[in-house]
Amino acid sequence: MKLAEDEKQGKIPVFTFIVVAVNVLAYAVSEIYGSSLDSEHMIRMGAMYEPAFVEGQEYYRIITSFFLHFGAEHLVNNMISLIVLGFALEHAIGKGWFGLIYLGAGLFSGAVSVWYHISEGQQVVSCGASGAIYGLMGALLALLLIYNRRNLRREIPRFSLYILISLYSGAQDPGIDNAAHVGGFIGGFILCIIMCIVKRFQRKERNW
């Protein structure tokens with residue numbers, strides 16, 4: 001069963017490459033005007049910072065924050081993960097749904113991160129695409145569970161274990177915003193389930 005609505009769209013993950021390009025451009029700009037390792041500079045660039053987001057009502061940060069990165073290593077690691085997942089997922093579900101899940105998971109990731117840090121009384125400067133990337137992981141797991149093909153069943157426990165290890169590793173590192181990872185994963189999982197329901201309903205309508 002093909003999930004992509006347009007089988008002629010080709011195998012090039014267009015949206016994935018666009019997002020990668022935007023992230024690289026944002027990193028280049030942040031380095032040109034300062035250092036991406038400088039927290040104060042990154043706040044000025046649009047990184048998530050709870051006082052600015054809540055008290056300053058700078059709500060745009062929930063979007064700009066997941067296009068910024070702290071240093072080249074942070075950027076490269078996230079972009080590799082994005083490209084790997086993008087090749088698998090964007091071709092399976094199409095550019096439109098892939099973009100919706102990526103952006104939606106990124107927003108949900110940021111919202112959960114803000115809620116968690118405020119509830120803990122923490123003021124944290126955070127940014128990075130990892131929350132949205134975990135959303136892609138959640139979406140891919142949802143696809144594996146819903147479209148449980150015989151040749152892919154053995155991948156479900158492997159992929160689930162990989163996700164659990166990734167979340168556990170993040171929880172052990174105080175420098176990682178694990179709340180964003182969990183939020184992104186949940187957001188991507190839920191959005192993918194919604195996508196599958198919509199696609200199934202659309203197929204039923206076409207068959208009437």
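Predicted model: local features only at pLDDT ≥ 70, side-chain atom pairs only at ≥ 80, totals over all residues.
Trainee: What about contacts, how many join residues at least 24 apart?

Mentor: If you take the contacts between residues at least 6 apart in sequence, 78% of them join residues at least 24 apart.

Trainee: Let's zoom in on α5. Which residues does it cover, and how far does it reach?

Mentor: Helix α5 takes in residues 71-93, so to speak a run of 23 residues. From first C-alpha to last it spans 32 Å, close to the 33 Å expected at 1.5 Å a residue.

Trainee: Where does α5 bend?

Mentor: At G86, by about 40°. G86 is also one of the buried residues of α5.

Trainee: Which others in α5 are buried?

Mentor: Besides G86, the buried set is G71, L75, N78, M79, L82, L85, L89, E90 and I93. Then, just after α5, G94 has a positive phi of about 95°.

Trainee: Switching to the surface. Which residues form the nonpolar patch?

Mentor: I12, V14, F17, I18, V22 and F87. Together they have about 530 Å² of accessible area.

Trainee: Which helix gives the most to that patch?

Mentor: Helix α1, residues 14-32, with 4 residues. F17 sits in helix α1.

Trainee: Why does F17 count as partly exposed rather than buried or exposed?

Mentor: Because its relative accessible area is 38%, and partly exposed runs between the 20% limit for buried and the 50% limit for exposed.

Trainee: Last topic, how many salt bridges does the structure hold?

Mentor: There is 1 salt bridge. The side chains of E58 and R61 make it, at 2.7 Å from N to O.

Trainee: Are those two partners buried or partly exposed?

Mentor: One of each. E58 is partly exposed, because its relative accessibility is 25%. R61 has a relative accessible area of 4%, so R61 is buried.

Methods. Residues numbered from 1 in each chain as written. Heavy atoms only, no water. Helix = DSSP H or I, 4+ residues; strand = E, 2+ residues; numbered from the N terminus. Expected span 1.5 Å × (residues − 1). Bend = angle between axes of the 7 residues up to and from the residue. Buried < 20%, exposed > 50% of the residue type's maximum accessible area, 1.4 Å probe, protein only. Patch = residues over 30% accessible without salt bridge, like charges linked within 9 Å, V, L, I, M, F, W, Y side chains within 5 Å. Areas by Shrake-Rupley, 256 points an atom, 1.4 Å probe, with all protein chains shown as cover. Salt bridge = Lys/Arg side-chain N within 4 Å of Asp/Glu carboxyl O. Contact = heavy atoms within 4.5 Å.
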